[in-house]
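The sequence and structure come first.

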Amino acid sequence: DAHGLAQRYFHQALRLAKASGDRGLGAYVIALLVNQSLFMREYRQAVAFAEAALRTAGRHITPALASDLYAMQAKAYAHLGDGTGALSCIRRAEQAAERIRRGYEPDETGYVQPGLVNVQVAEALLSLGELAAAGEHAAQAVDNPAHDRGRVHRLAMLSTIELRRGNADKAVATAVQMAEQARGMESQRLRDRLRAVREHLVRSGCGGTAEAAELIDGALRVPL
């Protein structure tokens, strides 16, 4: 949570990317700033950073980075209540994701795994109240392989959406999977996501929430 210090390093990385003439790396660093802005709920800044990254990279941008930038921009627009902007960015994110070719991407975009755009789009659609479409994207994200932390985030999103849709049993079952997967992981953002899912489940009062909440509490007991 040392966001000021993080930004200092991001801006130093940007200066180094500019000095070396590596426009693709510069765009990737700005993408990290977009991600940070979303986390800090600075949505207009996230939109502006995403535009800057797309402009900075120009023809040097890779499909993976473009898809991630457009998906994050969609989330920002959705939080701002701009449905038109969000849906336009979702389309662009999906089009860019279709062009991703493994083995042709630089190492720094390796985090754009199959399903990442789906979970980003699911979050944007959830903010817009498009629950059915959000559920479809979240389910697709969970069905794709991901690294362990990524899978926990995907399960958390799916559980939240199922709860919003009134599918309490599915939400609880997904939350149980999420809690079991999260055991032993050390991540402040992950802990925030676990707490949010727990709060939503307990507030709903649906059956099975006690077991899921206890499992989540167990995962949260691991000290950072």
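How are H6 and H7 oriented to each other? The model is a predicted one, and the answer starts from the geometry of the two axes. Helix H6 covers residues 116-128 and helix H7 covers residues 131-143; they pack at an angle of about 160°, and their axes are 8 Å apart. Angles over 145 degrees count as roughly antiparallel, and H6 and H7 are therefore roughly antiparallel to each other.

## The H6 and H7 pair

The crossing of these two helices, H6 and H7, is left-handed. On the H6 side the contact is made by Asn-118, Val-119, Val-121, Ala-122, Leu-125 and Leu-126. H7 contributes Leu-131, Ala-133, Ala-134, His-137, Ala-138, Gln-140 and Ala-141. Sorted by class, the contact of H6 with H7 holds ten nonpolar residues, three polar ones and no charged ones.

Asn-118 is part of helix H6. Is Asn-118 buried or exposed? Its relative accessibility is 15%, and the limit for buried is under 20%, so Asn-118 counts as buried. Apart from residues up to four places away in sequence, Asn-118 touches His-137, Gln-140, Ala-141 and Asn-144. Among these, His-137, Gln-140 and Ala-141 are also listed for H7 in the contact between the helices.

## The H2 and H3 pair

Helix H2 (residues 23-39) packs against H3 at an angle of about 170°, with 8 Å between the axes. That makes H2 roughly antiparallel to H3.

Which residues of H2 and H3 meet? From H2 they are Arg-23, Ala-27, Ile-30, Leu-33, Val-34, Ser-37 and Leu-38. From H3 they are Tyr-43, Gln-45, Ala-46, Phe-49, Ala-50, Ala-52, Ala-53, Arg-55, Thr-56 and Ala-57. The contact of H2 with H3 has twelve nonpolar, three polar and two charged residues.

## Leu-54 in H3

Leu-54 lies in helix H3, which runs over residues 43-57. Leu-54 counts as buried because its relative accessibility is 16%.

With neighbours within four places in sequence left aside, the contacts of Leu-54 are Ile-61, Ala-66, Leu-69, Tyr-70 and Gln-73. Val-29 is 25 residues from Leu-54 along the chain, and the C-alpha atoms of the two are separated by 12 Å.

## The H9 and H11 pair

Helix H9 (residues 168-182) and helix H11 (residues 209-220) have axes that come within 9 Å and cross at roughly 20°. H9 and H11 are therefore roughly parallel to each other. The crossing in which H9 passes H11 is left-handed.

In H9 the residues involved are Val-172, Ala-175, Val-176, Met-178, Ala-179, Glu-180 and Ala-182. They meet Thr-209, Glu-211, Ala-212, Leu-215, Ile-216 and Ala-219 in H11. By class, the contact of H9 with H11 divides into ten nonpolar residues, one polar and two charged.

## The chain as a whole

What does the secondary structure of the protein chain come to? There are eleven helices and zero strands. Along its principal axes, the C-alpha trace spans about 55 × 40 × 35 Å.

Of the 224 residues, 45% are buried. Among contacts between residues at least 6 apart in sequence, 64% join residues at least 24 apart.

Note on methods
Residues numbered from 1 in each chain as written. Predicted model: local features only at pLDDT ≥ 70, side-chain atom pairs only at ≥ 80, totals over all residues. Heavy atoms only, no water. Axes fitted to C-alpha atoms, helices over the stretch in contact; angles between N-to-C directions. Helix = DSSP H or I, 4+ residues; strand = E, 2+ residues; numbered from the N terminus. Parallel < 35°, antiparallel > 145°, perpendicular 65-115°, else oblique. Left-handed = near helix turned anticlockwise from the far one by under 90°. Contact = heavy atoms within 4.5 Å. Nonpolar A, V, L, I, M, F, W, Y, C, P; charged D, E, K, R; others polar. Buried < 20%, exposed > 50% of the residue type's maximum accessible area, 1.4 Å probe, protein only.
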